[in-house]
Structure formats: structure tokens, C-alpha cells
Amino acid sequence: MKKIVLLILVLFSFGLKAQITTAPSPVLAEQSATITFDKTGTSLAAYSGTIYAYIGVTVNGVQWQNIKGSPVWGNNTQPAMTQVGTSNIYTLNITPDLFTYFGVLNTNSITQICIIFRSADASIQDTNGTFLPVGAFQYNLTAPVQNSYTFLASGNNFTIAANNTNGNATYNLLANGTSINSQTTSLYSYIHTGITTNQIYKLQITQGVTTFTANFAVIINPGSTTQTIPVGLEDGINYNTSDPTRATLVLNAPFKDFVYVAGSFNNWQPTSTYAMRRDSSTGKYWLELTGLTAGQVYTYQYWVCDQTNRPTNSPALVKTADPFSTLVLSPFDDPEIAALGVYPNLPAYPVGQEREVSVLQTAKTAYAWSAATTNFVKPKKKDLVIYELLVRDFDTNKSYQDLINRIDYFKNLKINAIQLMPVMEFEGNESWGYNTVFHLAPDKRYGPPEKLKEFIDLCHQNGIAVILDIALNHVFGRSPLERMWMLDTNGDGWGNGTTTENPYINQTAKHSYSVGSDLNHFRESGPGLNMTNTYVLRTIKNWIQDYKIDGFRWDLTKGFTNQCTASDQSCTNGYRTDRVAKLKYYADKQWELDPNFLIIFEHLGTPDGSSAEELEWADYLRSGDTKGIMQWKIMTSSYADILKGNSADLSAVANSSDRYIGYAESHDEERVVYKALTDAGANQTLNNLPKVLERLPAMGAIHLLVPGPKMIWHFGELGWDSSLWTCNNGNVSFSNPDCKLDTKPQPQWTNNWLSDLARSKIYDNWAKMINLKKTEDVFENGQYAWNFGQTGSPRIDIWTNTNPSAALSYTFVRTNFSDNTLNTAAGFPYTGTWYNLMDNSTVNVTSTNMNLAIEPGGFRVYGNKPSTLGTSNFDLTEQIELYPNPSSTYFTLNVNTSKVQVYTITGQLVKNFTAVQSKEHQFAISDLDKGIYIVKAYDENNEVKIMKFLKE
């Protein structure tokens, strides 16, 4: 379940709210002012915290200029309101005058104060925007309504009327950018006659240096546009592969009367030529565009019009991007993206338009995938070690390029799959991605689509599968799936609910985990039947075929039902027949496109029924390693208890089906290190970070080596110790505000955690364990048994053969999560030579119950044979050479290296060179004491050579 904060700032409002006043009224820009807000009857009425004002001004006719404090929504550097006693009245003083307070030069014109009152965490706001008049000169548009669309039959007339205060003003009426009437009066009236084409009007009212602009439009009903759709077209853009000057757009819009296509190809002023044709058999609208230039970027929107039988509070016209867009431009998000430089050559958002627009480009050069991708063989499910990450919080620039630059980090950790939290176009630029609005389009904040493809290709070149987290349970307000059938009760152009006509969205959620607008996957009859299915299947096809991804992690799968209500959690958690059938159907469609596609559900079954669904999906169409659905298996509290030295049962981390992805941490759960440092039951580890870090390698041994797929949440392998609920200001807050979604800092890079001996030890040990898991048959196909009998020392045995054999066939892990040395009977299965698989050191077992000493926080992984990964080699006649040896200042290696470590003869890490270096690089060791050291060198293939070195 994801908590989503919708960060939308809207730019239009129709009417001053009675609970907001100014003194004086109207206020002049040269004056000070007091704004008074009465929260009674507003959405903030029950809110008791600090109320903030997101406040700016309209300067020279442009709203929301010179935002006070940070312009970022929800930033608490914005002004705080002052409560009057304990009443519902709040005030804000603007001094010494509006020009000075907002930082506007007094040569400009301020005509409005733009304001939204909100809670401290920005989750509650009073309105979508109120605009308080400034100045003695004001106007009133009496016909038509401000920002309205009026439908007319071709050839009809249209009346415009307005008046103003403070004497005569100059009125200038523009239609489609051309002035058609001008008058100087205080009472304006004009009739535009014989209109045959769509008209976008601007009425400019000027008095002195102040100009107001009123916007409205006339849309001509094109009449009957029925025409059969060409065979083979699908929703969205259909490119003509033989003629790059043509493309056909298809839109499915049940219950709508007509649709225009406006775009850069018609100067955003569509004539009847751009009225979409309607296919009578399917109800779909379509239009072929001609005269396009191959390779040129075009932008467009649909003007979706509803005139007959229009539901109450449903807009007559909605401007929306294409639901099936693979690239969209946004007036809200793109300016920041362009300024950050993460998306080179970002297409410009079209001037004068509003809300998202779609991008169309014929004859675009296809990405050249390497043979590594076209021939990629996915890891077996049982061998998966998934690395879950959020691009936003992985590195400084929050981009795909960051991931590309860090590929060695993933490669050296030995993971074989990366799971990206949602990268589909979401609202805003700071998000976890679950507030998706365009599922087929990668979000531009992280970089261009080509960079995402480059990262996927690079992962495949390094044997790493790429899995995408996808939220197909819901959409958010900018999505065309909501906008085309939205309710707009306050006329601001944004939806606050949906009509019953909406073929995609339920008016109220049909499950208890409601997020955003609940998608209806079960509309099986009437107009718009199965449109959500079509949308989902196109999304699946897009990412599998165009981006070569290897799997989906389906978010919030409990929401895929129409059998419950938003308040009935028991129903939602129970076995739901429609959910089982629908998710099996979607699984089949993924496997039709890719028989080995990796499918993961975030279902998190409970005893009251839905856990039965998990078992059913795990075995669904199971055939070798090709099919079977995996599910997340949360074990955070249990692993945190183990870290603390307490008792816990870890057995649920895996299942005999090999379909449960066990994890100690995920993006949704508190960090185990933070829990071990702060929980009430953390008696041994409370506030003791060194001790917790010391125990993490042992935790990895009883997590990563357990047969079956496993997952790591990013930087758990370096002992990330800050709370998941860490706020932007560094505080930890679980509510009011809930800081879970806040952007996190990057100490793993800025503080170079890989050079921190305690943290790099975790990384190195986990990498070794992951490699064992991937390469040794016993960890892939072995049976296993847990022993939790001794608190602080959980044990797991893994075997393919219980008798002595020539192969590595029996292993066991002993751990010591206590403050004392563990010195008890080891419990070897049989006598003989046994090997510590972490370094292939040996122990001669003369008695199966001989004592085994394990240091506090330590662990052992014993096997009946050495690991095939053991590459210790002290013979300097091999290809790799270290010289000079002995030396007092530096040594050099004759190969390129990815990492070089220096240990004392007793095994203490004293030098850690993590940067990639070319051969002949001089590794400085002048600060080491004289003596014999062990040098561990990793080459470009990440194979290790171990050599002795004498420091003089």
C-alpha cells in the first residue's frame, strides 16, 4: 500500500470565496494589507495544526508570479498564518506594501493576490486557488462565463459582454490571435456573427498601465463525422511504416459527441478538417494526419466535447493528451527538468497551451539493442537476487545516467536483477512513482527514453535482469482516463471525481486499499467494455517489446477486484474470484509475449483468505522455470528482531514453491538497522551502530543463502541506518507530516561508504553470499531446515545429500547475534574436513559435536567441500603480478583492477581501494606498519587474486 501525496497547483478559479477577505478592500498595490481566512466550512475546518499560505500575485496579467518563500508546493518556508486566539479565524499581514512584500518592481502591474491555504504537510487545502482583486480598476465578464466553451452550430452568432469599474477602459477582442473589435467604454457589448470555425477569444481590458485578459471560446459542432475506421488500427498513434508523412490517431471516447485534434501541425486552432471521424461499429474516433515531416517532433491534444445528455458537473470540453502516449510534455514539470539538464534536447512545451500534450514523431530512429539484450537469458526464479531501487534516491542527479555510471556497483554486488520503482510518467518531479498518469511513457525527470534503454541494455550485458514496478490498480488526476469523464464541481478545469459513464474508473473504490482513482478491470458490457483491459495489455506490450524488460512487479494486487467496498477490509483480504481470474488473464498475456517473463505480485496474503491466492498463483501454469507467479514475502520485523539478538522465526522467508521473494527490507518497510537502533526491544543494540553493522553480514547469511528468490532494498548492503520516515529537514516523522515519501540524502556516496571498513564488510560478504547462491547447486536445489532453538543463534542447514560426497552437497550456517562468544557444539552432520565457504579455510572435524567458537556478531558458512569460487592464489608466477615487492611506499599491479584490498596477516582490512584503476597504477601504502600483508585484487571480470606483500 502506498501513501500518495498529490501535488497539483491549479491556475484558475471562478469567484472569490466568502471566507477570505482583505483589509482594505480592494487593496492597492501601494498599500499594506491584512488577509483574513475563516476556515469554518472548509476542508481545513477540523485541522488543528499550522496553516500555511501558498501565495503569489498576478503580475502584468500572469497569475502565480513571485511566490512568497519557496515556490515548491508544501515547502514550509511559505508564510504561516496567525490564528486569532482559539477561533477559526487566521490572518496574514502583508507589509509595507504589495510591491515590496512580493519583490515586484513598482513599474509593473499587480492585479490579484493568488492564494491557497494548506496544512503543514500539504495534504489538505482549502480550495484549488483563490484570487483576491488588487486595485480600484476591476472588470466583470457578463457573457459568456470566464474560461468557458460554448458550442455552436456552424454559421451562428455569439454575444460578448463585459463592464468595468473606475471609468472608461479600452476593450480589445481577439479571435484566434487577430483583433476583431475594439471599443473604449465602461459597458462593453459585441456580437460576432456567422461563425464557421472554432474561435479562441481573448478580451483585453486596459485602463492606464493595467490590463486584464478574459479567456473563453466557441467550439463549432462539426455535425455527422461517421466514417469506417481502417483495418488494423489500435488506440493511440498509428505510424505509417511506408509513408513517414502520415500518421493516424485513434481515440476511444464513449458517450462523447465529437472530438477535435489540436496540435502544432494546425497551430493549435483546429478547423473542421481536424474533427475526428467516428466509426459507427466500434464507437472509436480516428483521424489521419498528412503532410508531416519525417523525424520532426509534433505535439497534440484531443479536445473531447460533450453536448448531449452531459452529466451534471461534467465539463463540456476537456483538453487532454493521448491516453496511449509514449512521451508527454507538461507545463508543470518540464521547466524544472529542462533547468536540471537531465533530459538533453527536451522538446519544448507549446507556448499558450495548458496541461499535458502528446508527442508524435514519424521515422524516429529505433534504439540499437546489443546482442546481450536480444539473446538475454533471464535468471532462474529460484536464483533471483533482486535489488530494489528508487531512481530518485539512488544518486545525486536522480537520473538513468546515474545508474549507468554505477553499473560496477551492481556488478560487484553480484545481484542478477534490478527492480525499478515506477518510472512511468507520474505527477510532479519528486515522487515514488505510484501516482502514475501515463503508463506507456517513461517519466522525463530521470532522463530520455533512450537512456532508460541504455541502462537496460547495460544491465543485460552484465547478466542483470530488469524488472519494473508498475501500478495498474489506479491513476491520478492528470490522466486522460480520468479527465475525459471527470467531475469538475468548481469549474477549475481539474477533476474531483468521475461520472458513472467513465469506462475506466470506478466512482468509488471497490477494495479497502484505495489509492488515486480506482481502475475498473471488470466493465464487461455496454459502451467502453473492457477498455481498461485494452489499456493494461498495451502497457504490457509496450514495456516488453519496446524496452525489453524482463518482468513486472504488480503493485497493490489486492485492489484488482470489484467485489468489495472501500470500507470492507475483510472482503478485500478474502479470496476474490474476480481478482484471481483477472490476474491470471494478465499473466497469460505477459507469457504470450515472453514465455519466461518474471511476474511478481505485491499481495502479502493474510490468514483470512488471500494467502490461498498466493499459493494458487505460485503453481499457476507452472512448467519448469518458465511459469509461476512470484509474490513478495515481508520479513522485516523478524530480521530486525534477529539483529537485536532476540528470538524470531524466519522460516516464512521462503516456500517450497520457490515463488516467495523473501526480504528483510523494501521501500515500504522501516529499515532493519534503524529498528535495531531505536525499537523498545533493542536491548543489546540500542543506539549502538557499530554493533548493528557488525551483525549485518550474519543477517545476510540467513537471508541470502536460503534457497529461493530474495530481495535487497537499496543500500541495505551498506547498512543504511536512517529511518525510511526521515524528512527533508533530517527529522524523523511518522505522521503530521508523514515523511516516508521525502527525498533521501546520499551519504553512501558523499561519505564514501565503500571505503568505510564496517560498511564495506557487509557489501563484500553479501556479494560473496549472492555469488554462492547463484553458482552452487546446493543453494539452488537443496532442501533446508531451520533451527531457532537457541536465542541469538539461528541456524539453517541446506543439503542435496546428507552423506559424504565428492561434491559440495551439505552446508550449514551458524550465527551469533549476541554480545558474547558462542562456544557450543557445532552439530556437524559427519566428521572429516569441512570448509568455511566464505574463505575456504578448513576445520578438521573429529566429532560431530565438537565445540565451535563464533565471535560476537559473527557467523560461519560451512560446507563439506570448498566452494568453486575459491580462487586464493599465492603463486606470483601467475599472470597477475604485484611489484615492487617488498616496498615501502607503493605497489603496482600489471592488470586493470576494479577493487584492491589490503589485509593484515590476521585478516583485518586496512586498505580499501574501490575506484577502477588501470594497470601500473601506484597503490599508496606508506602509512602501513612494516610487516607481511595480504593483497586481494579484483580484475575487470571481478575475479579475485590473493597475494602476499612485504611492507618495508
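## Overall form

With 952 residues, the chain would have a radius of gyration near 30 Å as a compact globule, and its value of 32 Å agrees with this. That radius is taken over C-alpha atoms, and the globule rule is 2.2 Å times the number of residues to the power 0.38. Along the principal axes, the C-alpha atoms fill a box of roughly 105 × 65 × 60 Å.

The model is predicted: local features need pLDDT of at least 70, side-chain atom pairs count only at pLDDT 80 or more, and totals for chains, interfaces and linings use all residues. Residues are numbered from 1 along each chain as its sequence is written, and side-chain values use heavy atoms, with hydrogens and water left out.

## Composition, burial and surface

The chain contains 18 helices and 52 strands. These are DSSP runs numbered from the N terminus, helices being H or I with at least four residues and strands E with at least two. Of the 952 residues, 57% are buried, where buried means under 20% relative accessible area, exposed over 50%, and partly exposed in between (1.4 Å probe, protein chains only).

Contact means heavy atoms within 4.5 Å. Among contacts between residues at least 6 apart in sequence, 68% join residues at least 24 apart. The accessible surface comes to about 36200 Å², and carbon and sulfur atoms account for 48% of this; such areas come from the Shrake-Rupley method with a 1.4 Å probe, and for residues only the protein chains shown count as cover.

Strand β33 (residues 551-554) is covered on both faces. G551 and R553 lie on one side, F552 and W554 on the other, and all are buried.

Two strands pair if DSSP finds at least two bridges between them. Strand β30 (residues 465-470) runs parallel to β33 and is joined to it by four bridges; G551 in β33 is the bridge partner of I467. Four bridges also join β33 to strand β34 (residues 598-601), again in parallel, and here G551 has L598 as its bridge partner.

## Residue E524

E524 is placed in the loop between β32 (517-518) and α9 (531-547). Because its relative accessibility is 45%, E524 counts as partly exposed.

Neighbours within four places in sequence aside, E524 is in contact with L529, N530 and K582. From T225, E524 is 299 residues away in sequence and 27 Å away in space, C-alpha to C-alpha.
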